Structure formats: C-alpha cells, structure tokens
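Hi,

Here is the structure I said I would pass on. Have a look at it first, and my notes follow below.

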Amino acid sequence: MRSTKEDIVRSFQTAYKNTPAWEIGRPQREIIMLETAGEIHGRILDVGCGTGDNTLYLAQQGYEVFGIDVASAAVDKARKKATVRHVKGLFIVHDALSLDTLGIKFDTIVDSGLFHVFSNHARLKFVQSIRSSLRVRGTYLMLCFSEHEPDGWGPRRVTQEEIIDSFSEGFKINYIREAIFETNRPQRNVKAWLASMKRI
Ligand code: SAH
C-alpha cells in the first residue's frame with residue numbers, strides 16, 4: 001500500500017518529537033565542503049531543511065537562504081535555533097513537491113537527505129518541482145543514502161543509475177561522487193552519493 005502524503009508528514013512530525021538520526025546539531029560535512037569549494041552561489045533553497053543546521057550555516061556565510069520543510073515540527077525547531085544563534089534564517093512550512101507555488105527562483109538548491117525519502121512516483125514530481133524553482137543554469141546539489149550502505153534501517157538506498165535516470169531530462173549532470181552522510185547513530189557515517197546537476 002502506498003503511503004499518503006499525510007502518512008509521511010505524520011511520521012516526520014513524530015520523528016521530530018525526539019532527535020532523529022539525521023539531526024546532528026551541525027551542518028553536514030559535505031555541505032561545508034561544497035561551500036568551501038565555491039559550488040554554492042546566489043539565492044539558495046535548502047529543500048527539506050529539517051531543523052535547519054545546513055540552512056543556518058549558509059546564512060552565517062552571508063547567503064540569502066530559505067529553508068522549507070513539510071513538517072511544522074522541524075520548522076519550529078529551526079526557527080528556535082535561528083533565534084538562539086542570532087542568525088537570520090527564513091524558514092517556511094512548504095511541500096517540496098510544489099515549489100512552483102513558492103513564487104521564488106533560486107540559483108542553488110541544496111538537498112541533504114530529502115531525495116531518498118520519495119517513492120518512485122513522488123520522485124518524478126519532485127524533479128519537476130526542483131526544475132520549476134531553479135533559474136536556468138542554476139545548480140541542484142543533492143546528498144542521499146547510496147546502495148553501498150547496508151540495508152536494514154533508515155531511508156531507501158539510491159543507486160547512481162537512478163540518479164542519472166531521474167535527471168536525464170532538463171538537467172546536465174555535473175558529477176555524482178561517493179560521499180558521507182553523517183548521522184547520530186552508532187553507524188555514524190553512512191555511504192552516500194553527492195550529486196550536482198545544472199538546470200538547462
Ligand atoms: N535536510 C535535513 C533533514 C533531512 S531528513 C538535514 O540534513 O538534517 C528529510 C526532511 O525532509 C525531513 O525534515 C522531512 O520532514 C522533510 N520532508 C519529507 N517530505 C517532504 C516534502 N514533501 N516536502 C518538504 N519536506 C519534506
């Protein structure tokens with residue numbers, strides 16, 4: 001049986017009552033490396049921002065950045081972190097499957113741990129949604145669990161081929177690299193893909 005959008009929102013709302021595996025209290029190392037390498041530019045969207053550590057890190061680097069998440073519990077936590085850290089972060093409760101209705105275009109979209117949440121069906125919608133809110137030649141940077149991470153817990157694993165298939169139209173794939181997704185679980189560092197796509 002396919003999970004409805006309400007089921008998914010409910011499960012994330014519940015996860016945020018505690019500290020979920022991905023809430024590490026600091027930006028993901030790969031996001032810091034991307035910023036340091038100069039791969040992030042212009043107006044930024046952190047899609048599926050969770051409690052905002054990546055968003056707030058980018059805001060602290062001086063970028064104009066928006067964080068959106070479908071779970072209001074995550075956005076509440078993110079806003080509190082922004083206040084405590086004295087950072088101006090703009091967090092909005094919004095569905096990543098309809099980014100066009102935000103009415104804002106972005107130069108860079110960062111995705112830390114959202115792409116691997118979607119079913120095959122939702123993935124198609126998500127890719128269209130990303131394309132609709134990226135400026136032409138804008139960049140989508142995505143970090144997801146890879147098939148090299150043993151199964152048994154966490155989100156679905158994504159193969160390199162699936163990434164290539166998903167972005168075969170409307171995007172040029174700059175690279176797909178082996179990467180690490182940090183968690184607060186005993187496994188800690190999960191095998192991931194870091195992908196960069198240019199909107200054409
Ligand atoms: N980027 C964050 C959170 C990753 S977990 C981090 O690195 O810590 C995935 C996040 O995507 C969760 O916060 C979940 O609520 C959110 N999410 C799931 N489906 C979504 C959707 N359709 N639209 C927006 N956010 C969604």
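This is a predicted model: local features need pLDDT of at least 70, side-chain atom pairs count only at pLDDT 80 or more; totals for chains, interfaces and linings use all residues.

**What I found around the ligand and elsewhere**

Tyr16 has a polar side-chain atom 2.5 Å from an oxygen atom of the ligand. For Asp69, an N or O atom of the side chain is 2.6 Å from a ligand oxygen, and for Ser112 the corresponding value is 2.7 Å, again between a side-chain N or O atom and an oxygen of the ligand. As for cover, the ligand taken alone exposes 570 Å², and the protein buries 95% of that.

Where does the ligand sit? It is in the largest pocket.

Next, Arg157. You will find Arg157 in the loop that runs between strand E5 (134-145) and helix H6 (160-166). Is Arg157 buried or exposed? Its relative accessibility is 11%, under the 20% cut-off, so Arg157 counts as buried. The side chain of Arg157 also has backbone oxygens beside its polar atoms: that of Trp153 lies 2.6 Å from one polar atom of the side chain, and that of Glu149 lies 3.2 Å from a polar atom there.

His86 is not a glycine, yet it has a positive phi of about 55°. His86 belongs to the loop between helix H4 (72-84) and strand E3 (90-93), and it counts as exposed because its relative accessibility is 76%, over the 50% cut-off. Arg137, also not a glycine, has a positive phi of about 70°. Arg137 lies in strand E5, and with a relative accessibility of 61% it counts as exposed too.

Last, a note on the start of the chain. Thr4 is in the segment before helix H1 (5-15). Why does Thr4 count as partly exposed? Its relative accessibility is 36%, which falls between the 20% and 50% cut-offs. From Thr4 to Val75 there are 71 residues in sequence, and the C-alpha atoms of the two are 21 Å apart in space.

Over to you.

Cheers

Definitions and conventions. Residues are numbered from 1 along each chain as its sequence is written. Side-chain values use heavy atoms; hydrogens and water are left out. Helices (H or I, at least four residues) and strands (E, at least two) are DSSP runs, numbered from the N terminus. Buried means under 20% relative accessible area, exposed over 50%, partly exposed in between (1.4 Å probe, protein chains only). A polar contact is a pair of N or O atoms within 3.5 Å; within protein, one must be able to donate a hydrogen and the other to accept it, and residues adjacent in sequence count only if both atoms are side-chain atoms. Accessible areas come from the Shrake-Rupley method with a 1.4 Å probe; for residues, only the protein chains shown count as cover. On a 1 Å grid over the protein atoms alone, a cavity is a set of points where a 1.4 Å probe fits but cannot get out, and a pocket is an open set with protein on both sides within 12 Å along at least five of seven lines; lining residues have an atom within 4 Å of a point. A molecule sits in a cavity or pocket if more than half of its atoms lie within 2 Å of its grid points.
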